[in-house]
Amino acid sequence: MSKSPEIAVMRSQLSRARGLGAAHSGTGHWWAERVTSIALVPLTLWFVYAAIHLAGLPRAAVVAWAGHPVNATLLLALILAVFHHLQLGLQVVIEDYIHTERPRLAWILAMKAGVALLGLAAAISVLKLAFAG
Amino acid sequence: MTDIRDALMVGRSSDGRLVRRPISPHLQIYRLPMTAKLSISHRISGVALAAGTLLLVWFLVAAATSDAAYATVSSFLRSPVGYLMLFGWTAALWYHFCAGVRHLFWDAGNGFTLPTVRVTDKLVPGAALALTILTWLIVLLAA
């Protein structure tokens, strides 16, 4: 009796089904970068328009502008998309240029902490402008 | 030659001399094609924009803090250094925007043929330059 044919598969069926690949995160990072960049196309256009409008205005006018719910909403959406997109992009830059595992992890964590704090500071400032003036 | 592996790195130049081959892509010898130049510019402008968000955060925090803090950030932005940073930021923003839109088209599977890429190679920096100039014309005319 001949042996039944076999195909050697190095990858488990579970690993294939999960679809996470060698990076262990699948296309999640790449996809989040695209989604935030699509969101940033209209938000950037609005932001440049808003920045030109705000240029040179006294503080009271900026407070009044940010007190409008539409402006506050778009500003918060912009901050969310910008800082999420930014940390995704900087992570790739760090991963490309720092080849040793420990310093790479340290740089990525430090960068993410810094970006998170900046994003929170921006968001809280907008909320304060919107609610308290 | 001291190492046998060096043998793989030796070639002949067009006039027959033995030369050490450059390690490819050697940036001093290999001329980057336009797509590669725009690609590294996309990355550089992205990092510059990341640094530029410090200005945005400073502005928002100052506006939410006090009149004095707002006066400080306003006078900095109106100083020559402030204007230079804002101009650089605008240029980086429009460049990253235009090159990013091309990337989105590529991600959707469009615009990969060489003739199209040659056109967009000019279109991306051209549009970024035009938008930067337009933005500053509006700013200066409104002021």
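## Polar contacts between the chains

A polar contact is a pair of N or O atoms within 3.5 Å; within protein, one atom must be able to donate a hydrogen and the other to accept it. In this predicted model, 7 residue pairs are in polar contact between chain B and chain A, counting pairs with both residues at pLDDT 80 or more.

The interface of chain B and chain A also has 3 salt bridges. Asp96(A) forms a salt bridge with Arg43(B), where the closest N and O atoms are 2.8 Å apart.

## Extent of the interface

Chain B gives 30 residues to the contact and chain A gives 35 residues. Together the two chains bury about 2600 Å², with 76% of it on carbon and sulfur atoms. Of the area that chain B buries against chain A, 21% comes from Arg43(B), Leu60(B) and Ala64(B), more than from any other three residues.

## The side of chain B

Polar contacts between chain B and chain A number 7 residue pairs. On the side of chain B that touches chain A, the elements giving two or more residues are α1, α2 (67-77), α3 (80-107) and α4 (114-142) of chain B. The most come from α1(B), with 15 residues. By class, this side of chain B has 21 nonpolar, 5 polar and 4 charged residues.

## A helix pair across the interface

Helix α3 (residues 59-67) of chain A and helix α1 (residues 34-65) of chain B have axes that come within 10 Å and cross at roughly 100°.

From α3(A), the contact is made by Arg59(A), Val62(A) and Val63(A); from α1(B), by Phe59(B), Ala62(B), Ala63(B), Ala64(B) and Thr65(B). This contact has 6 nonpolar, 1 polar and 1 charged residues.

Methods: Residues numbered from 1 in each chain as written. Chains lettered and ligands numbered in written order. Predicted model: local features only at pLDDT ≥ 70, side-chain atom pairs only at ≥ 80, totals over all residues. Heavy atoms only, no water. Axes fitted to C-alpha atoms, helices over the stretch in contact; angles between N-to-C directions. Helix = DSSP H or I, 4+ residues; strand = E, 2+ residues; numbered from the N terminus. Contact = heavy atoms within 4.5 Å. Nonpolar A, V, L, I, M, F, W, Y, C, P; charged D, E, K, R; others polar. Buried area = accessible area lost by both parts, 1.4 Å probe. Salt bridge = Lys/Arg side-chain N within 4 Å of Asp/Glu carboxyl O. Polar contact = N/O pair within 3.5 Å; in protein donor to acceptor, adjacent residues only side chain to side chain.
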